[in-house]
Amino acid sequence: MPTATEQTTWTDLVERVQEAGLLHASASVLHWDQETKMPPEGIEPRGAQLAVLARLAHEQFTSDEVGELLAACESNADLTGDPESDEAVTLKRIRRDYDRNTCLPSSLVAEEAKLASQAQHNWAEARRNQDFTQFQPWLEQVVELLRRKAECFGWAEGGEPWDALAEGYEPGCTAAWVDSVFSPLRDRLQNLLQRLMGSETPPSNAFNELVLPTDQQEAFVRDIAASIGFDFQRGRLDVSTHPFCTGFHPRDVRITTRFHEDNVNDALGSTMHECGHGIYEQGLRQDQAGLPLGEAVSLGIHESQSRLWENQVGRSVQFWEWCLPKLRTHFGDAVGSLNLETIYGGANIVRPDFIRVEADEATYNMHIMIRFELERALLLGDLAVADLPQAWNEKYKEYLGIDVPNDAKGCLQDIHWSMVSMGYFPTYTLGNLYSAQFFDAAKREIPDLESGFAKGAFEPLKEWLNEKIHRQGRRYLPADLCEVVTGAPLSADHLVNYLEEKLGAIYGL
Ligand code: CO
């Protein structure tokens, strides 16, 4: 039995950490409002509101008091004796977060915030003018600052600066490991793309050419969101320019989507994607809210949940068997002439193009691998910032067979680097790889999983994900979670097998 003092120390620590979490959640409410409801003139005061909450949350979490409480709990065998206990795991994760949050000098944090706002402004300007040279001096400063930041965090023996930055998004992830997973993926995808592009019987694009009223699209995607398991008693769906998901608590999760008259597939794909993120947030343990066991494990695993619902479910033929009557109910004669084959084929069109965020399932990962290879080389000093556009364009030619027409459609298209962020991009592809591997495991364990989709039975999959992934919180590192859930380390085979099988059939290979 812990003594009364030991018990108080633990309770105090949990309270301090949860309070920091409440400040973060409050900031998330303001951020959600900024993206969905706030009038344009609100941007400046909102920036000040968010800055003060971020500072308070940081001070709360990194205070000496938390450090002392943490150390006291760590030396208490009642809490740490069983390394698998909730308490021991919680302490381990809090220690990791505490060390990572306290090792940066505040001067560097301030410098980064200032550079991010300037670099973003100049990036937007350069992109508008399709001129990389305007952004070049800012990106040089970004790379230089990120190298210093990586030095502060440090990396394991044999590692490199990229690892230290990626740790912030995907704990335990290193460039060497990513490279070992991505290399076979690149080779097999390149081969698949060549074969798909050579197909003499590509699917019809008619589904993507429909023009449908956005109010009908909204009623349709709300219907789908509720059907696949997003709980509207504990969540909301709103509209924003860039769809996103934010969870304040498992009982209040916000997702957004967007509508274009001529692209119902984008609205549906975006909604199912954000539903996947939202179902994860709604599935987190309520008794651990604001603590590591009530938090998502990483960006890559989060993305695996969104991609799984968007792609493995939402682009499957069984899903469309179930969804086609719904499409007809919501849109009537406008979709009357389209049959299952046309819609399923249209939802799975593959087309190499320049823009990552518009890419299909097969080409998307090429965009990510290019960015990963380039940012890794920039941080190592193997690639000079001045040479980035040329290196970028060469890789697009090599991997996707396309000629980039200008920097706006090339190396200036993404905001990430201007936000002083590197190490983030691979989490998208890791998400795709994890989703395919998780889905294969789910198919093994849930009888008639896919044929169930044709009857609208999505609950078994949601419950399986709740149990295997959501309720685990941050108990395991992402790569370990994959092994626990699927029985094997992450491999590109699951995703490529899935794409070869599905797209091969659609494209008549
Ligand atoms: Co996502």
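**Salt bridges, metal and helices**

Modeller: Let's start with one side chain. Arg258 has a relative accessible area of 21%, so Arg258 counts as partly exposed. Keep in mind that this is a predicted model.

Biologist: Which residue does Arg258 meet in a salt bridge?

Modeller: Asp266. The N to O distance is 2.9 Å.

Biologist: And is Asp266 buried or exposed?

Modeller: Buried. Its relative accessibility is 19%, and buried means under 20%.

Biologist: How many salt bridges are there in the whole structure?

Modeller: A search finds 38. One of them joins Lys149 and Glu112, with the closest N and O atoms 3.2 Å apart.

Biologist: Where do those two sit?

Modeller: Lys149 is in helix α7, residues 132–153. Glu112 is in helix α6, residues 106–128. They are 37 residues apart, so the pair links distant parts of the chain.

Biologist: Are they buried or exposed?

Modeller: Lys149 is buried, at 14% relative accessible area. Glu112 counts as buried too, at 16%.

Biologist: Which residues are linked in a network of salt bridges?

Modeller: Arg96, Asp97, Glu167, Glu295 and Arg474.

Biologist: Change of topic. What are the protein donors of the cobalt ion?

Modeller: His273 and His277, each through NE2, and Glu303 through OE. They lie 2.2 Å from the cobalt ion.

Biologist: How are the donor residues spaced in sequence?

Modeller: The pattern is H-x3-H-x25-E.

Biologist: Which helices hold His277 and Glu303?

Modeller: His277 lies in helix α11, residues 264–282. Glu303 lies in helix α12, residues 299–313.

Biologist: Buried or exposed?

Modeller: His277 is buried, and Glu303 is as well.

Biologist: Now helices. How far apart are the end C-alpha atoms of α17?

Modeller: They are 28 Å apart. Helix α17 has 20 residues, 426–445, and at 1.5 Å a residue it should span 28 Å, so the two values agree.

Biologist: How many residues of α17 are buried?

Modeller: 16 of the 20, so α17 is largely enclosed by the rest of the structure.

Biologist: What about α9 and α15?

Modeller: Helix α9, residues 175–197, packs against α15 at an angle of about 140°. Their axes are 10 Å apart. That makes α9 oblique to α15. The crossing of α9 and α15 is left-handed.

Biologist: Back to the chain itself. Which residue has a phi near 60°?

Modeller: Val420. The value is positive, in a residue other than glycine. Val420 sits in the loop between α16 and α17. Val420 counts as buried, at 3% relative accessibility.

Biologist: And what is the phi of Asp448?

Modeller: About 55°, positive again, although Asp448 is not a glycine. Asp448 is in the loop between α17 and α18.

Biologist: Is Asp448 buried or exposed?

Modeller: Exposed, with a relative accessible area of 60%.

Biologist: Last one. Where is Val29?

Modeller: In helix α1, residues 4–36. Val29 is partly exposed, at 34% relative accessible area. Val29 and Glu274 are 245 residues apart in sequence, and 17 Å apart in space, C-alpha to C-alpha.

How values were computed. Residues are numbered from 1 along each chain as its sequence is written. This is a predicted model: local features need pLDDT of at least 70, side-chain atom pairs count only at pLDDT 80 or more; totals for chains, interfaces and linings use all residues. Side-chain values use heavy atoms; hydrogens and water are left out. Helices (H or I, at least four residues) and strands (E, at least two) are DSSP runs, numbered from the N terminus. The expected span of a helix is 1.5 Å times one less than its number of residues. Buried means under 20% relative accessible area, exposed over 50%, partly exposed in between (1.4 Å probe, protein chains only). Donors are N, O and S atoms within 2.8 Å of the metal (3.2 Å for Na, K and Ca); water is not among the atoms, so sites may look incomplete. A salt bridge is a side-chain nitrogen of Lys or Arg within 4 Å of a carboxyl oxygen of Asp or Glu. Axes are lines fitted to C-alpha atoms, for helices over the stretch in contact, and angles run from 0 to 180 degrees between N-to-C directions. Angles under 35 degrees count as roughly parallel, over 145 as roughly antiparallel, 65 to 115 as roughly perpendicular and the rest as oblique. A crossing is left-handed if the near helix is turned anticlockwise from the far one by less than a right angle, and right-handed if clockwise.
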